[in-house]
Amino acid sequence: MPFVTRQYGQSPTRRQVLRAGGLAAAVAGVAPLVSSPAQAADPLFAHGVASGDPHPDSVVLWTRVTPSPEATPGSGLGPAATVNWEVAADPAFSRIASKGSVKTGPERDHTVKVVAGRLQPGTPYWYRFTMGRGVSAVGRTKTAPAAGAQVEQLRFGVVSCANYQAGYFSSYRHLAQRGDLDAVLHLGDYLYEYAPGEYQARDVVVRPHEPAVEMTTLAHYRRRHAQYKTDADLQALHSAAPFIVTWDDHEAANDAWSGGAENHTEGAEGLWAERRAAANQAYAEWMPVRYQPGGPLYRRLDFGALASLSMLDLRSYRSQQAANGLDPAVDSPDRTITGAAQMDWLLGNLTSGGPQWKLVGNPVMIAPVRVPSTLSLAELAGVQKLMGGTTVDGVPYNVDQWDGYEADRSRVVRHLRDQAIKDTVFLTGDIHSGWACDLPADPLTYPTTGDSVAAELVCTSVTSDNLDDILNAPPRSSSLAVEAAIRTANPHVKYLDFDSHGYSVLDVTPAGVRMDWYVLADRTAQASAATLSTSFRVGAGTGKVVAATGGAL
């Protein structure tokens, strides 16, 4: 997600602003609050276990081993090791469904990733790893329903933007404790690249990043992934349900595009191609995803006749962001956010045939957003910093989102409209705020016609700063007027919460898709409570969001 606005003239970059803020915090003597890393069942498996990308007959299993003291993450040291894995139909492992062994070593940072096959569709399983006498924690996973199977309901946790330095991952703990999730959708910014003091909770580093530098090399990315996976709440959620993930920008660097990033200085920080390759390799090693470096991350998973899920990659193939909202490049058909092959693949998934609901895992917001100039200068500056973009006659545009790639968005909207495709829902992260929106067939006529081709549901951040943090104001105070003004200027936006941190729960049934937003009491408190904030629903065949009633499901 972009945080620093590009202005005409000599405005500071994101890097300059963050480093200045970190210096100010250091000068003020802010003391970091550090928690002890969580440990798995055995020190050999200190980074926990995980599963992901469920198919009807298989699922990805993941862990990491530490076979010798020197085999620390990112070190490139330590011996080769053979790790055994097994999947069972019961938590006591009396009915083994699949098993095997795999070799690992320093060339893949001692991570283990296997595809466990020969499984039954729509079935819960338990899995574990062993090495010698060492035994990992036990994880629970679940396969997808069989192709074409009639499915009554799916339930997903939905999360995005989890900055270790900005707080604790209480959202993961609350999701793990539910015990009713078919999977967890992580829509990007699973981790952040910044050094300690460059981006935190307002001006407080709650938990400093390790290594204590901005990630630029393979060793850096490996060590940062390892740090995040020592978090007890993240380990708990990984072991409770399979993850379905995509990346946004911070898995590599802020505002990444195919040829660079805002938070990358070519030469001084190496070559972008090498930095991105390092980030992608570490992601492939450390995440439970069907992805290998050099291949596509975008992929589709089906859940019986009820839903397909198209997970997008909106960083690897995109053109460089436009300079600002007046830049003619915003409308250029020669620029892309998806790349040609991924666009064709996406439109091929958005059809009237196949599963009923077409869910799209969408790292950045697709609904158009225009911010009115009636806001105060402080409010405009805060919205700019949160949403990115450039002030043009008082109206910030987020050129890092689909707003900066009008030709690609128009192609998607026209396809849905002209082909009369029903039941498409974009599930989005990135913007550190909660939204429920219609996707207008035409933004100019929408206030009169209300014509919408799809819905968009945006989860807020797990910990990353949002508007009240930027304005240094109490939650749900200064932001309320800003939210009201934006909803007025954008009548397709039915819900907006600029302040809360937390997570969402998505229910999918033949009758509709519903999202419940849960908010944390305090992201900087390790034991923070969470409460239901609001719920919105998309009825089958409507393509429109409406407030839901009846409480959380």
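# Aromatic pairs, charges over rings and a buried Glu

Glu 86 has its place in strand E3 (residues 81-88); strands (E, at least two residues) and helices (H or I, at least four) are DSSP runs, numbered from the N terminus. This is a predicted model: local features need pLDDT of at least 70, side-chain atom pairs count only at pLDDT 80 or more, and totals for chains, interfaces and linings use all residues. Residues are numbered from 1 along each chain as its sequence is written, and side-chain values use heavy atoms, with hydrogens and water left out.

Q: Is Glu 86 buried or exposed?
A: Buried means under 20% relative accessible area, exposed over 50%, partly exposed in between (1.4 Å probe, protein chains only). Glu 86 has 16% relative accessibility, so it counts as buried.

Q: Which side chain joins that of Glu 86 in a polar contact of 2.6 Å?
A: A polar contact is a pair of N or O atoms within 3.5 Å; within protein, one must be able to donate a hydrogen and the other to accept it, and residues adjacent in sequence count only if both atoms are side-chain atoms. Leaving aside neighbours within four places in sequence, Glu 86 is in contact (heavy atoms within 4.5 Å) with residues including Phe 93, Trp 126 and Arg 128. The 2.6 Å polar contact goes to the side chain of Arg 128.

Q: How many aromatic pairs does the structure hold?
A: Rings of Phe, Tyr and Trp (its six-membered ring) pair if their centres lie within 6.5 Å; planes under 30 degrees apart count as stacked, over 60 as edge-to-face and the rest as tilted. The structure holds 18.

Q: What is the angle between the planes of Tyr 164 and Tyr 228?
A: Tyr 164 lies in the loop between strand E9 (154-159) and helix H2 (170-178), and Tyr 228 in helix H3 (residues 218-228), 64 residues apart. Tyr 164 is buried at 8% relative accessibility, and Tyr 228 is buried at 0%. Their pair is tilted, with 5.3 Å centre to centre and a plane angle of 40°.

Q: Which charged end sits over the ring of Tyr 164?
A: A charge sits over a ring if NZ of Lys or CZ of Arg is within 6 Å of the ring centre and within 35 degrees of the ring normal. Ring pairs link Tyr 164 into a cluster with Phe 169, Tyr 172 and Tyr 228. Over the Tyr 164 ring, 3.7 Å from its centre, sits the charged end of Arg 207.
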